[in-house]
Amino acid sequence: MTETAVAGARTAARLDRLPPTRRHRRMTLIVGVGAFFDLYEIFLGGVLAAVLAEKWGLGHTAKSWVIAAGFLGMFAGANVLSVLADRLGRRRMFLVNLGAYSLFSLLSAFAPDLGTLLALRFLAGLGLGAELVLVDTYLAEFLPRAVRGRYVAYAYTVGFLGVPVAALLGARLVAGERVLGIDGWRWLLIAGALGAAFIQVMRRGLPESPRWLAVQGREAEAEAIVRQLEDEAAAESGGTLPSVPETESAPERRVPLGELLRGAYRRRTVMWWIFQVLQTVGYYGFGSLAPVVLTAKGHTVTDSLLYAALSYCGYPLGSALSVPLIDRIERRTLIIAAALGIAACGLAFGFAAAPWAIVTFGFLLTVCSNVFSNAFHIYQTEIFPTGVRAGAIGIAYSLSRLTSVVLPFVALGVLTALGPVGVFTGSAALMVLLCLDVALLGPRTTGRSLERI
């Protein structure tokens, strides 16, 4: 075993045995707030499609491109920025991705026509593409294993709190109005840009991942960060820390991306690629298409946006509900149970006609969605090694974004031909396939060291 490998294994063991501290909680908050902007974009695509269809007279294909443009950018960004995060560092790419998103989202707010808007939405998505990949990777590598799942769930709960707030304020009060002579939908883009810029400033104080530094052979930098965490933990606990188990963690090393399709990792990689394609339909499909589906049911744009916004209130509740579950129930089992809940509630939403039924089943669907989402976001960080974690997750995640590009064209075509019931019946069938994929090919991970999974 090389000296670097030994140092890396010891760094991981020292991080895993720490009690959670104020630094861990502050880090989780700062990273979690940034996750909001990826989730905000999902909401925003459906709102823009519904609002601009009236304002600009958009047809079926144009509405699909309004939703798809951002996802196409996220597909490219997830591939490029996540791989760069394995080479250049997690913290550096955190700053690059939000900076690019903020700039191009602000420019999108002043787009004079559809073509310009689509191009700028693509570039904003490009910047945002690796955001959730970096959230998952960064927190998983910093947090002690005993609280890894719970704290990542906290981070997403923080992020999701903003979604119903933005939806209710934006859709009901802003999207159809003019403020200071500017169309309301443009203010939604401005708000996202300014918020992302503020979070980028907050993130400048984040340290680099010690696990990543150790794998890169930068032991002195990793040691300084871990020592600071240990000193803070000892000061807060008022005593000495637990000893470091000498054999707790297997050594990590740099891993070429090609190794993901060979040996022990091939099964996991194939399983996760299939998962990411399928989960997009059940999870992102509802968030991005709900306003359009509701207008197809015969509701006005204003009412459709309100019903969707009320349904989105289930996102933070489902995320909060996952907190006590995620470290008690095997991650793989929780993913399957929540996916079945998404399928059942989606079918009920497709059949629902009365406003109370639409909101109720939409709300329950989003509750299940975020138990599902939090479980799979921490699960994906556990099944790949540190040397290639961001790249492996990012490439798989990009497949979900590519599916999101195609989804509006397919789903809106099905919506026209078969109605909302047809859309959600197809979604439910794909979620059942997802459950079989995870049950047959996914490893168990809960409560284990990242280096031992």
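Helices (H or I, at least four residues) and strands (E, at least two) are DSSP runs, numbered from the N terminus. Of the 28 residues in α16, 22 are buried, so the helix is mostly covered; buried means under 20% relative accessible area, exposed over 50%, and partly exposed in between (1.4 Å probe, protein chains only).

All of this comes from a predicted model, in which local features need pLDDT of at least 70 and side-chain atom pairs count only at pLDDT 80 or more, while totals for chains, interfaces and linings use all residues. Residues are numbered from 1 along each chain as its sequence is written, and side-chain values use heavy atoms, with hydrogens and water left out.

Stepping back to the whole protein, there are 17 helices and two strands. Buried residues make up 60% of the 453 residues. Taking a contact as heavy atoms within 4.5 Å, 87% of the contacts between residues at least 6 apart in sequence join residues at least 24 apart. The accessible surface comes to about 16,200 Å², and 66% of that belongs to carbon and sulfur atoms; areas come from the Shrake-Rupley method with a 1.4 Å probe, and for residues only the protein chains shown count as cover.

Next, the aromatics. The structure holds 13 aromatic pairs. Rings of Phe, Tyr and Trp (its six-membered ring) pair if their centres lie within 6.5 Å, and planes under 30 degrees apart count as stacked, over 60 as edge-to-face and the rest as tilted. One of the pairs is Trp272 with Phe275, stacked at 4.1 Å centre to centre with 10 degrees between the planes. Both residues lie in helix α11 (residues 263-282), three residues apart, or about one turn of the helix. Trp272 is buried, with a relative accessible area of 0%, and Phe275 is buried too, at 0%. Another pair, Phe349 with Phe424, is edge-to-face, at 5.3 Å centre to centre and 70 degrees between the planes. Phe349 belongs to helix α15 (residues 331-351) and Phe424 to helix α17 (residues 389-441), so this pair ties together parts that are 75 residues apart in sequence. Phe349 is buried at 1% relative accessible area, and Phe424 is buried at 8%. Ring pairs also link Trp272 and Phe275 with Phe372, Phe376 and Tyr379 in a cluster.

Helix α11 holds Thr269 as well, buried at 1% relative accessible area. Beyond its neighbours within four places in sequence, Thr269 is in contact with Leu260, Leu261 and Phe384.

On to the charged side chains. There are 18 salt bridges in the structure, each one a side-chain nitrogen of Lys or Arg within 4 Å of a carboxyl oxygen of Asp or Glu. Glu382 and Arg331 meet in one of them, at 2.4 Å from N to O. That pair links distant parts of the chain, with Glu382 in helix α16 and Arg331 in helix α15, 51 residues apart. Both ends are covered: Glu382 is buried at 1% relative accessible area, and Arg331 is buried at 0%. Glu236 and Arg22 form another salt bridge, at 3.8 Å from N to O. Here Glu236 sits in helix α10 (residues 219-237) and Arg22 in helix α2 (residues 22-55), so the pair ties together parts that are 214 residues apart in sequence. Glu236 is partly exposed at 32%, whereas Arg22 is exposed at 53%. Elsewhere, Arg14, Arg17, Glu223, Arg227 and Glu230 are linked in a network of salt bridges.

Finally, the surface. Leu340, Val432, Leu433, Leu436 and Leu440 make a nonpolar patch of about 460 Å². Patches are made of residues with over 30% relative accessible area and no salt bridge, with like charges joined within 9 Å and nonpolar side chains (Val, Leu, Ile, Met, Phe, Trp, Tyr) within 5 Å. Helix α17 gives the largest share of the patch, four residues. Leu440 lies in α17 and is exposed, at 61% relative accessibility.
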